[in-house]
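The following explanation leads the reader through two parts of a protein model. Please keep the sequence and the structure in view while reading.

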Amino acid sequence: MSSRPAKSAAYVARTRPVVPPIYQSATFYLDDLAYKDIQEGGLREHWYSRFANPTVDAAAAEIAALEGAEAAFMTSSGMAAIATTLLTLLPGRIVAARQVYGDTRDLLVRDLPALGFDVAMVDATDLDEWAAAIAAAPTAVVYAETLSNPQLDLTDLAALADLAHAAGAKLVVDNTFATPYTVNPLRHGADVVVHSATKFLSGHSDVIAGVVLADAATVTEIQKRVITFGGCLDPHAAFLVWRGIQTFSLRLDRSCATAAALADRLAANPEVVSVRYPGRADYSRAEIAGRLMRTGGAMVAFTVRGGDARALAVMRRLTVASEATSLGGVETLVSTPFNSSHFSLTPEERAAARIDDGMIRLSCGIEEAEVLIADIEDALATTV
Ligand SMILES: *Cc1c(COP(=O)(O)O)cnc(C)c1O
């Protein structure tokens, strides 16, 4: 039987890998610093991987740098980041945008009310509605997505932060769709940013992960709940997130440029009724996009002539883009909200949420732009 690896300790101490190793260890040798950390509740030393793990910390540090955040903590999924953040900042009323990711909507309209929390939903683009809902009762949390799924409605973060702070509430922003490449919500007044790191941050559609970003004290409070609710990230998954982030800006350079070119070509196509892309002059909230976003981003939504049946036919003709849920990978993914993310809404409810009959949501990958655009133009031309 071997004992502790005393001989290799010196070697490990002077080994400096360029890439963070996967610390596939649930627990770590205790020493005086670790005991001190345990006793002070500092949660920084590495002694048990549900509390902190070096590989997971490495991924968090990369994302904190991208978002300009003081601190970050990784979670097992985007939903773990969102649910744990909200349960940390409550009790109190939560006022949230109606235009949110489907599972976030279930959390807000089904699960949090079942736990006794007061939740109000408003139109993300209507500041009067936000103000009225925040004023109606003491509000703890205001929740919005920078860019909504799938309408690409843009939230005026600075104005919403002012409303939230005047009422003593915290603004929590899901920045998954916009990404830190186009906007850093913490610089526009958000108190907490959450991400599905599954999407653009990791970028290869090979891992489920989430992250919470804020000032150090707030992140520590959320970390304490990740510890008790249990949604910590596995070190192997954290390694994939870390590796994906190394090419984040390169991927987004390409994806955003392709998305902008694609949006222009679609807008000129007679088979397309409308295009929603924050980088275009005809975008509904172009003035706010100009203030908030560095580029139009990598997501495009467009509506084809002939409604949802035609949209489905167009999607099925594609050979470069893939029909799949999720987004933010190196491969272009398309989906139609009517039969996926928003299938449970009636046609009237979808119309009220500005989800057009015939809308296709597209997440731009890193394929050659002309190849991707030709694929979509061919599908439009052959399904007339
Ligand atoms: C995917 C997604 C989530 C959920 O993230 P998971 O990593 O799948 O748990 C939350 N918000 C938005 C905007 C998303 O796109």
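Predicted model: local features only at pLDDT ≥ 70, side-chain atom pairs only at ≥ 80, totals over all residues.

Residues are numbered from 1 along each chain as its sequence is written, and side-chain values use heavy atoms, with hydrogens and water left out.

The chain is assigned domain 1 (32-245) and domain 2 (249-381), with bounds taken from an automatic or database domain assignment. Their C-alpha centres lie 26 Å apart. Across the boundary, 30 residues of domain 1 are in contact with 35 residues of domain 2 (contact means heavy atoms within 4.5 Å). The area buried between domain 1 and domain 2 is about 3000 Å², and carbon and sulfur atoms give 57% of it; buried area is the accessible area (1.4 Å probe) that two parts lose on being put together, summed over both. Leu154, Tyr181 and Phe200 supply 26% of the area that domain 1 buries against domain 2, more than any other three residues.

Three salt bridges are counted between the two domains (a side-chain nitrogen of Lys or Arg within 4 Å of a carboxyl oxygen of Asp or Glu). Arg291 and Asp156 meet through their side chains in a salt bridge of 3.5 Å, N to O.

Helix α6 spans residues 127-135, and Trp130, Ala133 and Ile134 are buried in it (under 20% relative accessible area, with exposed over 50%; 1.4 Å probe, protein chains only). These residues are on the same side of α6 because they cover an arc of only 100° around the axis, taken from the directions from the helix axis to the C-beta atoms. Helices are DSSP runs of H or I with at least four residues, and strands are runs of E with at least two, numbered from the N terminus. The cover over the buried residues of α6 includes β2 (93-97) and α7 (157-166), whereas the face turned away from the buried side carries exposed Asp128 and Ala135.
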